[in-house]
Amino acid sequence: MIYLDNSATTKPYPEVLQVHQQVSERFFGNPSSLHQLGIDASRLLSETRKQILHYTGFTQYEIIFTSGATEANNIAIKGAALAKMNRGRHIVTTAIEHPSVIESFEQLKTLFGFDISYIQVNEHGRADMTHLKEVLRPDTVLVSLMHVNNETGVIQPIEEASSIIRKYAKEAIFHVDGVQGIGKVPLPKEMDIDLLTMSGHKIHGLKGTGALFLKKEIILAPFITGGEQELGLRSGTENPAGAVSLAKAIKQSFEYLNKHHDEMIALKTELEQQLGKIEGVVINTPLTHSAPHIVNFSVPGIQIEVLLHMLEKEGIYVSTTSACSAKKKEPSRVLLAMGKSEEAAKSSMRISLTYGQGPELAPQIITSIAQSVKKLKGMR
Ligand code: PMP
């Protein structure tokens, strides 16, 4: 099997599974309980928070454990906008964000009358910083920009965006969806981001684990209320085993990135170059400003799910668009925003890599895709 759908999800590291089981058995107390079992679980959680902040280098942040990035994005975006709504109701994002961001924005518009500006992206999918500058207003209270796009792998100019926001929108909170970047594309060391979200299962952690990193001075309106856990922003009994497994996944992924970055880039580059030579294939991932693990291409005129299943028969697992949109069978919103044709947006495929996959895999992947595309084109 060659698993090339790592942006949809990854296989948990054995160490992650092991530590999850150990913590579940040994620290089963409720961290809110006053007896020793509760105290032990609570201490473990605090330790784990410190570890994650240390591994990631996000030492100026607090951490809120969540069930994943969808929840973290919802807490961050709605929480920030609602906390600031007496200062303004203008919010800014791009049309190529994950649905958990776009839908949160649209809900703020429908339910609370927020005004949304979608900043344009260029033909490579990079957000237009001149347009960002133009749309910012004194009543802009939130800007949300993803670090790495989940369909194309394009890296957004986070540093530039943050300096523009700080200069032109003093009230605005800056949120970054960091899901596809964490463990793959380091963020700037001195990053000026208020809220950052991540997901465990994209970095060989467990599904149902994730986090929101929150700058200490940022205030969010809580809307998952109850027992006041996680700074009062995500009530509900904490999940120490999930938290420890997340810390393990982060630590290991950061180490693996150092070790395997170059071979991942070598495979990605080889795939992009060789796929580009196949008749009928159009590469959508730009060569520069893109993450080391994603290659997106289209084969206009074919039914892309058929190609997916042909590759599956050969033991190669890929995605059409992103996992979240695949079942909707709609053209890729991301590719349309980049100005690609409807045909290209309907026929896109994503290959997403992980650590330990190197250029030696390229010939088999290329041959399988080339032969399958040829067959499909011949059948038309
Ligand atoms: N943001 C991005 C960019 C993603 O790729 C994903 C996962 N597809 C999410 C958010 C949601 O993450 P989760 O599956 O943890 O809810």
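# Helices, sheets and a pocket

Q: Which angle do the axes of α3 and α4 make where they cross?
A: Roughly 35°. The axes of helix α3 (residues 69-84) and helix α4 (residues 99-112) come within 9 Å. Axes are lines fitted to C-alpha atoms, for helices over the stretch in contact, and angles run from 0 to 180 degrees between N-to-C directions. Helices here are DSSP runs of H or I with at least four residues, strands are runs of E with at least two, and both are numbered from the N terminus.

Q: What kind of model is this?
A: A predicted one: local features need pLDDT of at least 70, side-chain atom pairs count only at pLDDT 80 or more, and totals for chains, interfaces and linings use all residues. Residues are numbered from 1 along each chain as its sequence is written, and side-chain values use heavy atoms, with hydrogens and water left out.

Q: Back to α3 and α4. Is the crossing left-handed or right-handed?
A: Right-handed. That term applies if the near helix is turned clockwise from the far one by less than a right angle, and left-handed if anticlockwise.

Q: Which residues meet there?
A: From α3, they include Ala-69, Asn-73, Ile-77 and Ala-81. From α4, they include Val-101, Phe-105, Leu-108 and Phe-112. The contact (heavy atoms within 4.5 Å) divides into eight nonpolar, six polar and one charged residue. Ala, Val, Leu, Ile, Met, Phe, Trp, Tyr, Cys and Pro count as nonpolar, Asp, Glu, Lys and Arg as charged, and the others, Gly among them, as polar.

Q: Now the sheets. What is the order of the seven strands?
A: β2-β8-β7-β6-β5-β3-β4, in an open sheet with mixed pairing. The edge strands are β2 (61-66) and β4 (115-119), each pairing on one side only. Two strands pair if DSSP finds at least two bridges between them. The twist averages 20° from one strand to the next.

Q: How many bridges join β5 and β6?
A: Five. Strands β5 (residues 140-146) and β6 (residues 173-177) run parallel. Leu-145 has Val-176 in β6 as its bridge partner. Helix α6 (residues 158-168) packs on this sheet and touches β5 and β6.

Q: And the sheet of four strands, what is its order?
A: β9-β10-β13-β12, open and antiparallel. Its edges are β9 (282-283) and β12 (319-320). Two bridges pair β12 with β13 (residues 348-352). Thr-320 stands opposite Met-349 there.

Q: Which strands does α7 lie across?
A: β9, β10 (294-298) and β13. α7 runs at about 10° to β10.

Q: Where is Leu-231 placed?
A: In the loop between β8 (210-215) and α7. Beyond its neighbours within four places in sequence, Leu-231 is in contact with Glu-62, Ile-64 and Leu-214. The C-alpha atoms of Leu-231 and Ile-63 are separated by 9.0 Å, though 168 residues apart along the chain.

Q: Last topic, the largest pocket. Which residues lie nearest its centre?
A: Thr-56, Pro-186, Leu-187, Lys-189 and Phe-254, out of 17 lining residues. On a 1 Å grid over the protein atoms alone, a pocket is an open set of points where a 1.4 Å probe fits, with protein on both sides within 12 Å along at least five of seven lines; lining residues have an atom within 4 Å of a point.

Q: Which helix gives the most to the lining?
A: α7 (residues 240-275), with three residues.
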